Amino acid sequence: QVQFVESGGGLVQTGGSLTLSCTVSGSTSNIAAIGWYRQPPGKQREYVALIWSTGNTTYTDSVKGRFTISRDYSKSTMTLRMNNLRPEDTAVYYCADYRRKYWGQGTQVTISS
């Protein structure tokens, strides 16, 4: 069982920055990757970024160069640093494993134009 708790969401102006944090607990040793997903208003949940146990990271095209995912094993946290935010980044952001079996409760990110 794995638990995720997100924090750090909020309201930011276009072009601004925000950092999301996710506290990770439970048995993650056999999980190859965890990451961030988001659900924009009225749309389906979508993949944003993953960080693999190897340290490799992957991103959806729309956030490449703007978002950075990282993980601190000593603090059991995962972070998503978001720069140059756009209105289309508005969504509820979730932590999850790459198989999408375990989910956090989500944190709202709103970008004003």
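Visitor: What makes Arg 45 count as lying over the face of Tyr 94?

Guide: In this predicted model, Arg 45 is placed at 3.8 Å from the ring centre of Tyr 94, and since a charge over a ring must be within 6 Å of the ring centre and within 35 degrees of the ring normal, the label applies. Arg 45 also lies over the face of Trp 103, at 4.5 Å from the ring centre.

Visitor: Why is the pair of Tyr 94 and Trp 103 called edge-to-face?

Guide: The structure holds four aromatic pairs. In the pair of Tyr 94 and Trp 103 the ring centres are 6.0 Å apart and the planes stand at 90 degrees; centres within 6.5 Å make a pair and planes over 60 degrees apart count as edge-to-face, so the name follows. Ring pairs also link Tyr 37, Tyr 47, Tyr 94 and Trp 103 into a cluster.

Visitor: How do you know whether Tyr 94 is buried or exposed?

Guide: Tyr 94 has 11% relative accessibility, and buried means under 20%, so Tyr 94 counts as buried. Trp 103, at 28%, counts as partly exposed, because that term covers what falls between under 20% and over 50%.

Visitor: What makes the link between the side chains of Arg 81 and Thr 19 a polar contact?

Guide: The side chains are joined at 2.9 Å, and the cut-off for a pair of N or O atoms is within 3.5 Å, so the distance qualifies. Arg 81 itself is found in strand β8 and, at 36% relative accessibility, counts as partly exposed.

Conventions:
Residues are numbered from 1 along each chain as its sequence is written. This is a predicted model: local features need pLDDT of at least 70, side-chain atom pairs count only at pLDDT 80 or more; totals for chains, interfaces and linings use all residues. Side-chain values use heavy atoms; hydrogens and water are left out. Helices (H or I, at least four residues) and strands (E, at least two) are DSSP runs, numbered from the N terminus. Buried means under 20% relative accessible area, exposed over 50%, partly exposed in between (1.4 Å probe, protein chains only). A polar contact is a pair of N or O atoms within 3.5 Å; within protein, one must be able to donate a hydrogen and the other to accept it, and residues adjacent in sequence count only if both atoms are side-chain atoms. Rings of Phe, Tyr and Trp (its six-membered ring) pair if their centres lie within 6.5 Å; planes under 30 degrees apart count as stacked, over 60 as edge-to-face and the rest as tilted.
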